Amino acid sequence: MDKIQRGVARSRALLPRITHRPLPSGASYLHFGDYGTRNAMTKHELQRLKDQLIEANTNPQTGRQLFLPAFKPQTLGHLERSQELLTKEGKADDYAWLVSSRVWEEERKGLPKLLVLASPGFKVFSSGHHLTEIKNGSPEEVREIFALCAEVMSLIRRSAILVMGKIHGIASGAGAQLALATDVPVASRSLTELWLPGADLGLPCTSPAAGLSRVLGTRRTWLELAKGGYVRADLKLHGVEVDDPATKTVEDKSQYEQQANILFEGPPSSEKSLPRRSAEDIVRDRLSLDHLVYRLARRLTKRDTQQTAITKWAFWTQIGLRGQPHVNADGVEVDGCGGDGFEDAVAFAGRVMALHSQSEVAKEGISRFLQENAMRKQTNKTEVEMNETTR
């Protein structure tokens, strides 16, 4: 026990030497986890995540929260009227920040353009809920913990800016759900395992399964839930994966060896270990993951974030259109077209694209494309004329 405690203390002391790589301008980390609890989703950590998500989506001057509205088709009618009010009268209502890049910049001045959820260490992204809290808590306290967890994941979905997940090590139970709740999960194939341990522990993990089934598919999730053990999510289908980190070095080997020594002097893991790899390989994979996260963050922060926000809202709204009766964008109840909802979704998407095309960024993009296209045509015409004169 003394050896383990010394290992934990040493890992904490060395934490500044293995912290996450700085992000490009406009991106910020969502800090999560603690070595002492193996990055478990304690009530404290969940509240910390909730507070950070709210802060990143709240106007610092007015205190107004800027989360995406309800993922319901009738919200589109409000957005259309907001855009019309801006265009014809120059007035901004409660939805203007979602349809105008200018108003968006005013409302979100000083706020990040991208969030990156990351936990410390190499071996564990999140070990799920803190079972000691669950075991010792009163029924009211336990309900509060699970409700807080659901709220955090809802805030990630409702965040007006993208949330990237930097996933390394084991993501167990609700930790797996948290990892895949992010908009852009990024992981290294050799460092990441997603695990639903419920059947083995006697805890059915129904909450994580409910979330994961919407990512991994219902049959796959139920099979893993029923048999217990490890789920290996194919992140090529469900996220972004570092391809072949062994061939993509981003730092010199001396740094691998130095950080590998730090890694393997930490406390031993009681959980099932990942495939056996050398210390240098693991650190190299982690640095490659850092490199990929940085490159993706740099690209995403250069995009117009208002356009990304309206796209995120529209996508998750049309997912709910299943051909059944629903209230449409005009606030009128319709029967739905039946089937798999394809016809309802494309009709909804048509109105969203019409809304999208009137934004400042879309108009600038269309004008730029037409100008470049005209220049290409003129260049091609000139080349043809020159070829004809030289014949």
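Two strands pair if DSSP finds at least two bridges between them. Helices (H or I, at least four residues) and strands (E, at least two) are themselves DSSP runs, numbered from the N terminus. The model is predicted: local features need pLDDT of at least 70, side-chain atom pairs count only at pLDDT 80 or more, and totals for chains, interfaces and linings use all residues. Residues are numbered from 1 along each chain as its sequence is written, and side-chain values use heavy atoms, with hydrogens and water left out.

Start at strand S4, residues 162–172. Eleven of its eleven residues are buried, so S4 is largely enclosed by the rest of the structure. Buried means under 20% relative accessible area, exposed over 50%, partly exposed in between (1.4 Å probe, protein chains only).

Now take the partners of S4. Strand S2 (residues 114–118) runs parallel to S4, joined by five bridges. Here Val116 stands opposite Met164 of S4. Strand S3 (residues 124–126) is also parallel to S4, with two bridges. Ser126 has Ala171 as its bridge partner in S4.

Strand S5 (residues 184–195) is parallel to S4 too, and eight bridges join them. Ala171 stands opposite Leu194 in S5. From S4 the chain crosses through helix H8 (residues 174–181) to S5, a right-handed β-α-β crossover. Right-handed means that, with the strands pointing away from the viewer, the path from the first strand over the helix to the second runs clockwise.

Helix H10 spans residues 206–216. Its Pro208, Ala209, Leu212, Ser213 and Leu216 are buried. They lie on the same side of H10 because they cover an arc of only 135° around the axis. That arc is taken from the directions from the helix axis to the C-beta atoms. Gly217 follows H10, with a positive phi near 100°.
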